[in-house]
Amino acid sequence: VGEPLVQYSDCLGSGCHQGKGGEAGMIKKAFLLAGFLACGLAVSAQSYSLRTNIIGLATANLNLEASMTLDRKWSLHLPLQYNPFKFSKNRQFRNFYASPGVRYWLLESYMGGFIGMHGTAGTYSVGNLFGSKYRYEGEGYGVGISIGRAYQLGRRWNLEWELGAGAVWLGYDKYLCKRCGDLVEKDYGWHFLPTRAALNMVYLF
């Protein structure tokens, strides 16, 4: 009963010919297949990075941006910014916003120049700055495009700049800063505004 089964299993190869040569061929094919799979996984493996905007930190805006590569040319980004501070004479640039986006890299992800597309959403309370006697409190949503470039500083570190602009919908209440309680005006509408101004220090994982 066992012999026909052995003969049948031998016929699963090519032309009912098995033996040491056939086994070696199967092992070789298995190693080749494993090699191709490993190469494919290496190519599709993602890289990650964290960055902070030095300009933002210099203006009291706490910020952090996480990103990951999608392939050799595309990367996904999520910057967050938060400013809870209020200074003397009620001066403030308080805000919280997120601006998810993607970048297309002209050379390779995290190397050289790039073109970016992003959305933006956040809340703000800005007032008593640069001689203004008003405070503006509201929210904004928009989309924009940007350009920039990354420079390699080391194996794990990059320096990059990014500039961008876009269409932003702003809705706000306008208060008189003398007491910051007198509502002067309500307004909303679309504006063309800068949406990116960054000098980033980048750590690559």
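The model is predicted, so local features need pLDDT of at least 70 and side-chain atom pairs count only at pLDDT 80 or more, while totals for chains, interfaces and linings use all residues. Residues are numbered from 1 along each chain as its sequence is written, and side-chain values use heavy atoms, with hydrogens and water left out.

**Stop 1: the largest pocket**

Select Gln81, Phe93, Tyr97, Pro194 and Thr195. Of the 35 residues lining the largest pocket, these are the closest to its centre. The pocket's volume is about 1,000 Å³. A pocket here is an open set of points on a 1 Å grid over the protein atoms alone, with protein on both sides within 12 Å along at least five of seven lines; a lining residue has an atom within 4 Å of a point. The volume is the space filled by probe spheres set on the points, which are joined across faces, edges and corners.

Now select strand 9, residues 182–204. Strand 9 gives the largest share of the lining, 7 residues. Strands are DSSP runs (E, at least two residues), numbered from the N terminus.

Colour the lining by class. There are 17 nonpolar, 14 polar and 4 charged residues. Asp, Glu, Lys and Arg count as charged; Ala, Val, Leu, Ile, Met, Phe, Trp, Tyr, Cys and Pro as nonpolar; the others, Gly among them, as polar.

**Stop 2: Arg196 and Glu162**

Stay on strand 9 and pick Arg196. Arg196 forms a salt bridge with Glu162, with the closest N and O atoms 3.4 Å apart. Arg196 is in strand 9 and Glu162 in strand 8 (residues 157–176), 34 residues apart. A salt bridge needs a side-chain nitrogen of Lys or Arg within 4 Å of a carboxyl oxygen of Asp or Glu. Both residues are buried (under 20% relative accessible area with a 1.4 Å probe, protein chains only; exposed is over 50%, partly exposed in between).

With Glu162 and Arg196, they are linked in a network of salt bridges.

**Stop 3: Asp173 and Lys186**

Select this pair next. The closest N and O atoms of their salt bridge are 3.0 Å apart. Asp173 is in strand 8 and Lys186 in strand 9, 13 residues apart. Lys186 is exposed, at 58% relative accessible area.

**Stop 4: Arg72 and Glu108**

The side chains of Arg72 and Glu108 meet in a salt bridge at 3.9 Å, N to O. Arg72 lies in the loop between strand 2 (62–69) and strand 3 (74–83), and Glu108 in the loop between strand 5 (101–105) and strand 6 (112–127), so the pair ties together parts 36 residues apart in sequence. Arg72 is partly exposed at 48%, and Glu108 is partly exposed at 31%.

The count of salt bridges comes to 10.

Note on methods:
On a 1 Å grid over the protein atoms alone, a cavity is a set of points where a 1.4 Å probe fits but cannot get out, and a pocket is an open set with protein on both sides within 12 Å along at least five of seven lines; lining residues have an atom within 4 Å of a point. Helices (H or I, at least four residues) and strands (E, at least two) are DSSP runs, numbered from the N terminus.
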